[in-house]
Amino acid sequence: MTVTDITVGPGDGGARDEPLLVVDDLQVEFRTREGVARAVNGVSYTVDAGETLAVLGESGCGKSVTAQAIMGILDTPPGFVTGGSVRLDGVDLLALPENQRRAYRGEAIAMIFQDALSALNPVYSVGRQIAEMFRVHRDMSQKEGLVKAVELMDLVRIPAAKERVNDYPHQFSGGMRQRIMIAMSIALQPQVLIADEPTTALDVTVQAQVMELLADLQDELNMALILITHDLGVVADVADRIAVMYAGRIVEQAPVGDLYHRPAHPYTQGLLRSIPRVDAKGTELFAIKGLPPNLTRVPPGCSFNPRCVYARDVCRDGAAPPLEQLSDTRAVACHFYEEVLGGEQ
Amino acid sequence: MSEPTRLGGARDRDNVQREFARAPAEDITLPSPEGEPVPSEDVGKPRSLWQDAWDDLRHNKLFIIGSILVLILIVMAAFPQLFTSVDPRNCVLQNSRQPPSSEAWFGYDLQGCDVYARTIYGARASILVGIFTTASVMIIGGLIGIVAGFFGGWVDGIASRITDVFLALPLLLGSILILTAFPSSTDTPELVVIGKVVLALALLGWTQLARIMRSSVIQVKNQDYVSAARALGASSSRIIGRHVLPNSLAPVIVVAMISLGAYISAEATLSFLGIGLQPPVISWGIAINDAATYVRTSPHMLFFPAVFLSVTVFAFIMLGDAVRDALDPKLR
Amino acid sequence: MIPVVIGTTFIIFTMVWALPGDPFAGKCGDRPCPPSYIAEQTARYNLDDPLLLQYVKYMGNLLTGDLGETFRGTQVIDELAVALPATLKLTTLAIVIEIIIGIGAGVLAGLRRGSFMDNLVLLSTLVVISIPIFVIGYLAQFILGVQLGWFPPTVGRGAPWSDLILPALVLASVSLAYVARLTRTQLAENMRADYVRTATAKGLPRRQVVRHALRNSLIPVVTFIGIDFGALMGGAVVTEGIFNIKGVGGLVFGSIATREGATVTAAITFIVIVFLLVNLLVDLLYGVLDPRIRYE
């Protein structure tokens, strides 16, 4: 099925009055035996062409679920999108019928996953899996698709691509497999690429290579990149802006520099303090006390309050603090952000 | 089914055999050992796999129905007098092939015996064979499996070769062979005949359980708590007895339960073929065999034993299925 | 595989001829074996020789096609040769049915977990597995063959294909049930795999996504069909007996009744060897289907 009703190709921010991808008040819940878990509880963020947004948070905070909801690949049941919108180039993807939605996947928005070994089909050759993009979306033949596959494998710097195009995923190293996934995802030059923990399963040196590759490709294709991760180190180099998530909500959004040097949310501050520093030798390592909440039983008020050193009564009673715009580029959801910004605790 | 990690590893024929060999569950998930850490603020009492499974089972309709059926059948096998006062061997030729009536609910068979009585009494042979075969299989197969899985190396090598050899003999064909080699006649004592059938089935059935036990043990022995026990100086037998065995048992029990049904079915088939149980032993298989030629004129003779037989097998398999689903951590 | 063949045939041989007790008990019908037969077989199988020598000579005989002689004086190998074609036809038909209906039902059920279709498949396969094959055989013969007349109740001379449909259905029934369940479970599980999520994220239409999962799901199914072959042959004994098919199974069936020990043993040994060959084939096939095994 070829796409006829969407613009494909490098986006141009100028033609619209809003960023390329706008996630607006997204709500996703999981209906399980133990109850309903609000996995995504009113998440809003935007990404523009050529921009990198990092979504940061611990396991279970909802960052991956948000991405899956954007792509439309949520496991339903038990997951259900219960509110909000996802606008790409002005079109609300959530409101589209499935067959139209499918046209966007792979073409306009693509996604890469954490574990390339399990994310690639073990019984088909990598060439075939890459070529599939062209066979399905561009009506090319298998042969033509394979030619394109070799080109793409070259592009992502896999040595001896021509010889290896018929090899199987398990015959490649972890870093190479991730590149193959990247190749597959950018095959049709999507406008948005979502990378869900792309380097978590890789060695540190390989991580750097893969991130560099992503950055280069992004420049070349002027893609919007959403980088989902829990690794603060990876984010620092690559991201333009960061959204920090906790228990299904965004608690802080800021440009990279601002976030690292002057965090406004206690959770962000805690995360930054947890990074072991070379010059802190001999002192005890810091860790945020407690554990993330069970999403079927989120504490009332601010969901972070049980673990927060700044918490007062207002944090425990009443509603969760809303995401407040501090400036054009910064937003935070905390009653006491001034204290956090002000000094150390 | 836990997708066996195939990366690079030799295709473990064990894995395929254990997962897909007949009669037992086609897919067994090896559950992880006691209690997963609960990562939430309200850490409740740590629950074991068995507790969770029991909770599930208690509310599982299939399990309840299956258990009730099995219980009734066991009682029937042990105390047939509770279900009928008629002597199944009191056969009057004049009544031959009479259809069901108020005196004989299931009618009479070829020899004029009360079909209802014979059907009730027939439960004993089948249940006995089922239980004894399963018990033997669990012991033989379990032992070999544990030894092979735990000690590995050349012990495993030999055990696996032996298992391979026996695996090559299909259940039915192999038992036909064994029972042909040691034929019974009408004067062989009842217990001996039953014993032979049990032996034949057990000799051929242990391999399946050995494979499963072996895989289970291998998975468990690589867990940290086993290494910890070893580091603390525990002897092999203690490790096996206290750590490895309890945690390897789950898939073994599931397979054993389902196999029980299969063994009952196999016994009936052997009796039907004429080399299993022999008269004067009362068995459903023999009854069906005798009744077959008259199925057109007197279907009741075949119908009732056949239904009882099928329901029995069904009950055991259902039970095994329910237990397997309850123990499957993936479905939590 | 050779060691297994040797081991298995050795066990069979030992069990039948070499264990303590009278090896000729019950092997010649209802009467004790005629002394001439005993003398001849003893000579032929060297039953007075030490065990290993006996076995070696026995295997030697097997390889030259000498499968022994029945007490009525016919050669077992001849009887087998005559019986083979019918069984080949029946088994082939049964396997085809097993594959088509079994995998078909399994796919339908696996794709719609929890639906009516799924539960129907689950329940019906459970029922089929529970009913012993000889009961299925008689019921099918009676209801479909005699009462409704859709199929001939017994198979005629030369085993024409059309006559074999009903017996093949019966023979395939239990295996089919297992195949359906296995396919169902495998497919349902694979549909939840990461690579299926990737396939969906690539914008592939549902049919293609299912194909990805199916390709992986069928590998164990193929293996199962191979392993199941032994059970299938066991079922053939019953099926051929009930439908009066003059095949290898029918040969065994009849020989059991007449207590023809030599025939039973030889036929079953033959079947077992074929079974081992089938397993070997499946092993090789597995390497073709699963590239991860190919390249280790």
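# Close-up views of a predicted model

Of the 332 residues that make up chain B, 52% count as buried.

**View 1. Chain B is built of helices, with 11 of them and 0 strands.** Read from the N terminus, the order of elements in chain B is α-α-α-α-α-α-α-α-α-α-α. Where contacts in chain B join residues at least 6 apart in sequence, 73% of these contacts are between residues at least 24 apart.

**View 2. Helix α3 (residues 61–78) of chain B meets helix α11 (residues 300–327) of chain B, their axes coming within 8 Å and crossing at roughly 135°.** This angle makes α3(B) oblique to α11(B), and the crossing of the two helices is left-handed. On the side of α3(B), the contact is formed by Leu62(B), Phe63(B), Gly66(B), Ser67(B), Leu69(B), Val70(B) and Leu73(B), while α11(B) brings Val311(B), Thr312(B), Ala315(B), Phe316(B), Met318(B), Leu319(B) and Ala322(B). Sorted by class, the residues in the contact of α3(B) with α11(B) are 11 nonpolar and 3 polar, with no charged residues.

**View 3. Chain A holds an open sheet of 8 strands with mixed pairing, in the order β6-β7-β8-β3-β9-β10-β12-β11.** The edges are taken by β6 (109–112) and β11 (324–325) of chain A, each of which has a single partner strand, so that one side of each is left without a neighbour in the sheet. Helix α7 (residues 174–186) of chain A lies across β6 and β7 of chain A and runs at about 170° to β6(A).

**View 4. Strand β3 (residues 52–56) of chain A is largely enclosed by the rest of the structure, because 5 of its 5 residues are buried.** In a regular strand, side chains alternate between the two faces of the sheet. Along β3(A), Thr52(A), Ala54(A) and Leu56(A) point one way, whereas Leu53(A) and Val55(A) point the other way, and all are buried. With β8(A), strand β3(A) pairs in the parallel sense over 5 bridges, and here Leu56(A) has Thr229(A) of β8(A) as its bridge partner. The pairing of β3(A) with strand β9 (residues 241–246) of chain A is also in the parallel sense, over 4 bridges, and Ala54(A) stands opposite Ile242(A) of β9(A).

**View 5. Glu197(A) and Asn222(A) are two residues of chain A that have a positive phi without being glycine.** Most residues other than glycine have a negative phi. Glu197(A), whose phi is near 50°, is found in the loop between β7 (192–196) and α8 (204–221) of chain A. Because 20 C-beta neighbours lie inside 10 Å, Glu197(A) counts as buried. Asn222(A), with a phi of about 50°, has its place in the loop between α8 and β8 (224–229) of chain A. Asn222(A) has 18 C-beta neighbours inside 10 Å and therefore counts as partly exposed.

**View 6. Chain A touches chain C through a contact that takes 24 residues from chain A and 19 residues from chain C.** On the side of chain A that touches chain C, at least two residues each are supplied by α2 (98–104), α3 (116–119) and α4 (126–137) of chain A. It is α4(A) that gives the most to this side, with 4 residues. By class, the residues of the side of chain A that touches chain C comprise 13 nonpolar, 6 polar and 5 charged.

**View 7. Chain C touches chain B, with 56 residues of chain C in contact with 49 residues of chain B.** Two or more residues of the side of chain C that touches chain B come from each of α1 (2–18), α5 (116–130), α6 (133–147), α7 (161–190), α9 (206–242), α10 (248–257), α11 (261–289) and α12 (291–294) of chain C. The largest share of this side, 11 residues, is given by α9(C). The side of chain C that touches chain B divides into 40 nonpolar, 10 polar and 6 charged residues.

Conventions: Residues are numbered from 1 along each chain as its sequence is written. Chains are lettered from A and ligands numbered from 1 in the order in which they are written. This is a predicted model: local features need pLDDT of at least 70, side-chain atom pairs count only at pLDDT 80 or more; totals for chains, interfaces and linings use all residues. Two residues are in contact if their C-beta atoms, placed from the backbone, lie within 7 Å. Ala, Val, Leu, Ile, Met, Phe, Trp, Tyr, Cys and Pro count as nonpolar, Asp, Glu, Lys and Arg as charged, and the others, Gly among them, as polar. A residue is buried if 20 or more other C-beta atoms lie within 10 Å of its own, exposed if 12 or fewer, and partly exposed in between; C-beta atoms are placed from the backbone. Axes are lines fitted to C-alpha atoms, for helices over the stretch in contact, and angles run from 0 to 180 degrees between N-to-C directions. Angles under 35 degrees count as roughly parallel, over 145 as roughly antiparallel, 65 to 115 as roughly perpendicular and the rest as oblique. A crossing is left-handed if the near helix is turned anticlockwise from the far one by less than a right angle, and right-handed if clockwise. Two strands pair if DSSP finds at least two bridges between them.
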